[in-house]
Amino acid sequence: MDVKSTAKTVRFTPRKVRLVLDLIRGKSVDEALGILQFMPNHAAAAVAKVVKSAAANATHNNHLDADQLYVKACYADEGVTLKRFMPRAKGNASQILKRTSHITVVVSDEK
């Protein structure tokens with residue numbers, strides 16, 4: 001059975017989150033959390049929260065065995081983009097795009 005968890009509007013760019021997600025795809029939940037714990041990437045903490053949430057949903061709501069769970073799928077979609085402006089030379093302004101992402105993790109107990 002597949003169980004999904006999502007974190008919306010996380011203040012990391014989707015490109016940087018995908019670098020983290022590529023390392024945990026297909027791994028067991030315990031192994032994925034171990035990898036995320038020691039990653040220097042700041043997005044790893046947000047991804048770890050989503051993995052823990054998906055595992056908790058699977059054990060609590062669907063009564064699945066926590067030792068059998070693995071990360072079946074994980075992806076980061078683009079969320080809303082915050083647009084800000086920074087003053088530049090000669091009275092101009094340039095736009096700054098602060099991107100956000102929606103992180104989704106799917107865990108399953110069947111190979």
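**Notebook: sheet and helices**

The model I am reading is a predicted one.

Entry 1. I looked up how β1 and β3 run together. They pair in the antiparallel sense, over seven bridges. Strand β3 covers residues 93–108. Next I asked for the strand order in the sheet. It reads β1-β3-β2. The sheet is open, has three strands and pairs antiparallel. I then checked the edges. β1 (2–10) and β2 (70–87) stand there. Each has a single partner strand, so one side of each is left without a neighbour in the sheet. I also noted the twist, which averages 15° from one strand to the next.

**Entry 2. Helices on the sheet.** Which strands does helix α1 lie across? I found α1 (residues 14–24) across β2 and β3. Its direction is at about 165° to β2. I repeated the look-up for helix α3, residues 43–61. This helix lies across β1 and β3. It runs at about 145° to β1.

**Entry 3. Helix against helix.** I wanted two values here, since two packed helices are described by the angle between their axes and the distance between the axes. Helix α2 (residues 29–37) packs with α3 at an angle of about 160°. Their axes are 9 Å apart. Angles over 145 degrees count as roughly antiparallel. The pair α2 and α3 is therefore roughly antiparallel. I logged the handedness too: α2 passes α3 in a left-handed crossing.

Which residues make the contact? From α2 I listed Val29, Leu33 and Leu36. From α3 I listed Ala44, Val47, Ala48, Val51, Lys52 and Ala55. I sorted the contact of α2 with α3 by class: eight residues are nonpolar, none is polar and one is charged.

**Entry 4. The whole chain.** I counted out the elements last. The protein chain has three helices and three strands. Along the sequence they follow the pattern β-α-α-α-β-β. Then I turned to overall dimensions. The radius of gyration is 17 Å. The globule rule gives 13 Å for 111 residues. The value for this chain is well over that, so the chain is more spread out than a compact globule. I also took the box filled by the C-alpha atoms. Along the principal axes, the box is roughly 65 × 25 × 20 Å.

Conventions
Residues are numbered from 1 along each chain as its sequence is written. This is a predicted model: local features need pLDDT of at least 70, side-chain atom pairs count only at pLDDT 80 or more; totals for chains, interfaces and linings use all residues. Side-chain values use heavy atoms; hydrogens and water are left out. Two strands pair if DSSP finds at least two bridges between them. Helices (H or I, at least four residues) and strands (E, at least two) are DSSP runs, numbered from the N terminus. Axes are lines fitted to C-alpha atoms, for helices over the stretch in contact, and angles run from 0 to 180 degrees between N-to-C directions. Contact means heavy atoms within 4.5 Å. Angles under 35 degrees count as roughly parallel, over 145 as roughly antiparallel, 65 to 115 as roughly perpendicular and the rest as oblique. A crossing is left-handed if the near helix is turned anticlockwise from the far one by less than a right angle, and right-handed if clockwise. Ala, Val, Leu, Ile, Met, Phe, Trp, Tyr, Cys and Pro count as nonpolar, Asp, Glu, Lys and Arg as charged, and the others, Gly among them, as polar. The radius of gyration is taken over C-alpha atoms; the globule rule is 2.2 Å times the number of residues to the power 0.38.
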